[in-house]
Protein chains: 2
Amino acid sequence: MRHNFGAGPCILPQEVFKQASQAVLDFKDGLSILEISHRTPEFEAVVEETTRLVKELLNVPSGYSVLLLQGGASLQFAMVPMNLLPEGKTASYLETGVWANKAIKEVPNFGKVNIIASSKDSNFTFVPKDYSIPEDSAYFHCTSNNTIYGTEMFSFPDTKVPVVCDMSSDIMSREIDVSKFDLIYAGAQKNIGPAGLTIVIVKDEILGKSGRKIPAMLDYSVHIEGGSMYNTPPVFSIYTAMLNLRWLKSKGGVAEIEKENKAKAYALYTEIDRNPLFKGTCAVEDRSRMNICFVMENPELEKPFLKFAEENGIEGLKGHRSVGGFRASMYNALPITSVHTLVELMQIFAEKHQ
Amino acid sequence: MRHNFGAGPCILPQEVFKQASQAVLDFKDGLSILEISHRTPEFEAVVEETTRLVKELLNVPSGYSVLLLQGGASLQFAMVPMNLLPEGKTASYLETGVWANKAIKEVPNFGKVNIIASSKDSNFTFVPKDYSIPEDSAYFHCTSNNTIYGTEMFSFPDTKVPVVCDMSSDIMSREIDVSKFDLIYAGAQKNIGPAGLTIVIVKDEILGKSGRKIPAMLDYSVHIEGGSMYNTPPVFSIYTAMLNLRWLKSKGGVAEIEKENKAKAYALYTEIDRNPLFKGTCAVEDRSRMNICFVMENPELEKPFLKFAEENGIEGLKGHRSVGGFRASMYNALPITSVHTLVELMQIFAEKHQ
């Protein structure tokens, strides 16, 4: 039995793997999902259902479009200012980690950037809360979950400035009020589906105001008009995302999975705090439910513990090099039994090494 | 038995479907190819092998980089001028179809475009040959195969101007002399692999001369430096492309598949020319071996013939709305027996309707 705690691309439900595998052999009348035209009614129905499931699961209000794109969050780092930041204007960014920083670096290609708060000096172990957003900002940008550092934003600012959020690593893991955001984007490869797909949820009325000529493939309006089919979409990634979103719906949707994710995070953080060998790396109030970062009081025990965990079926627990120690990524599809296994291994290891 | 003549995403070898399907269930130690990190040694080996196979199969000379990107040829339409066209300079384009035209439309975002020859007035039924490329062009851009109209370029200009070519629909179908090109790009979804992957082959020395600040994800140099892993790549599409390129190599490589493609095209064009009910739509010397467009002398018979073909297992034969009639796409993985079946159906139909 393997327990996949990898940070991503990451675990999806076993039944999704089975269905996706089957569609690679036979999606329709003996034809593989890989060899059908994206213009067939059957695949158009897949795009339609995937889009509808995103809207339904996140309760997306009217006036928003859902797009299925390529290029990952990294391409969004550029597309956001390209589409939303008029030349000479300023966008406000919250710097909460490496990915936020990468987003920040793209802004000067298009306008000015104002880093209104940062936790860089403390190696991003917390989410800054004491900041105000200048009213003349073209938009405010934040990262809801910081995969590398294990922090998560549990409140978002009330502001008249348009709010843009990179939700790559916690979208679909908890309920959010989409109406508080103007643009949400997410690489699919955590809780949505396989790598190679990017979800964008955009309030239509914020578009078309940059005064900039935008290449077609980088223009949200072009993709809205094309129904996410301006060009050949990443067919298999979309199909598998649809299967995964169907699974999420069958589980009771985002509200139900949020309960499970809370229970999973509670179980592991409780052990980290209780077990004298381990300690968390982040401010308690900002602890992510998706990526749980922790180290050992005695760093020399980290290699032996990792080895012990791996020998017992734990995958992907090694921490990112920027933080060290361990990172337990606990996306929607990770069963709570896997968390219990990890907790048990921490307990057994502590008994041996106390 | 199905015969998939679809234009794309299109047929791949059955053994590739089987291997890809299996990897969705179990790529390594029980883990799906969809749930492994792109930073695992196992997947890094996939990227390395895919890149190496592209170099080997196309005999790519030293001094060129092979990139595995996202966004399709459509994103390349913008990335090419963004990276290669200094502001105020002119790029020369050959207009041979809708895709060439879409590439042309992106140029004014970055510089000037000079359409040095076009077959638009004749609905792109031939490839212009009588043109000269101004020596002060930043580059010359052409489309080697025109999927919609069924024409293909069988010679490329000798010029000191850098040559850029969109080879989306005939790359890997025939031998090419890569050294005659400075940048080749191709959406994967014909002869390389599933949709969601784009191959770029670029001569390193032409980069870094645009004088323009380029967003990281749109900068070829960034992807070269990142070994196609600047961000999370489209894992499954790359893996399946690797399987398909392995298959191509096992068949004897591009030279051998070119022989088969010539035999397939010869069989169908011979029947089109012989059968009094059918006629080709393109100049004979420019006839594509990948996409064979033809119509009927009596347009009223087209619907009945399409129905007859479909009833006998032929998929995807309907022509593009810009041309009408039929389009038989005959990519590498289409067996010659499928072409023989189509020819036989044309003969049977002619006997009934003469």
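Visitor: Where is Pro9(B) placed?
Guide: Pro9(B) sits in the loop between strand 1 (3-4) and helix 1 of chain B; helices (H or I, at least four residues) and strands (E, at least two) are DSSP runs, numbered from the N terminus. This is a predicted model, where local features need pLDDT of at least 70 and side-chain atom pairs count only at pLDDT 80 or more, while totals for chains, interfaces and linings use all residues. Residues are numbered from 1 along each chain as its sequence is written, chains are lettered from A and ligands numbered from 1 in the order in which they are written, and side-chain values use heavy atoms, with hydrogens and water left out.

Visitor: Is the peptide bond from Gly8(B) to Pro9(B) cis or trans?
Guide: The bond is cis, with omega near -10°. In chain A, a cis peptide bond joins Gly8(A) and Pro9(A), and omega is about -10°. Pro9(A) is in the loop between strand 1 and helix 1 of chain A.

Visitor: Which residue has a positive phi although it is not a glycine?
Guide: Asp29(A), with phi of about 55°. Asp29(A) belongs to the loop between helix 1 and helix 2 (41-58) of chain A. Most residues other than glycine have a negative phi, and most peptide bonds are trans.

Visitor: What does Asp29(B) meet in a salt bridge?
Guide: The side chain of Arg2(A), at 3.5 Å, N to O. A salt bridge here is a side-chain nitrogen of Lys or Arg within 4 Å of a carboxyl oxygen of Asp or Glu.

Visitor: How many residues of chain A are in contact with chain B?
Guide: 53 residues of chain A are in contact with 53 residues of chain B, contact meaning heavy atoms within 4.5 Å. About 4100 Å² is buried between the chains, and carbon and sulfur atoms give 60% of that. Buried area is the accessible area (1.4 Å probe) that two parts lose on being put together, summed over both. Pro9(A), Leu34(A) and Glu35(A) supply 15% of the area that chain A buries against chain B, more than any other three residues.

Visitor: At what angle does helix 1 of chain A pack with helix 1 of chain B?
Guide: About 180°, with the axes of the two helices (residues 14-25 in each chain) 8 Å apart. Axes are lines fitted to C-alpha atoms, for helices over the stretch in contact, and angles run from 0 to 180 degrees between N-to-C directions. That makes the pair roughly antiparallel (angles over 145 degrees). Residues making the contact include Phe17(A), Val24(A), Phe17(B) and Val24(B).

Visitor: Now the sheet in chain A. What is the strand order?
Guide: The order is 11-12-14, an open sheet of 3 strands with antiparallel pairing; strands pair if DSSP finds at least two bridges between them. Strand 11 (278-280) and strand 14 (326-329) of chain A stand at the edges with a single partner strand each, so one side of each has no neighbour in the sheet. The twist averages 35° from one strand to the next.

Visitor: How many bridges join strand 12 to strand 14 of chain A?
Guide: 4 bridges. Ile292(A) has Ala328(A) as its bridge partner in strand 14 of chain A. Helix 7 (residues 253-274) of chain A packs on the sheet, touching strand 11, strand 12 and strand 14.

Note on methods:
Angles under 35 degrees count as roughly parallel, over 145 as roughly antiparallel, 65 to 115 as roughly perpendicular and the rest as oblique.
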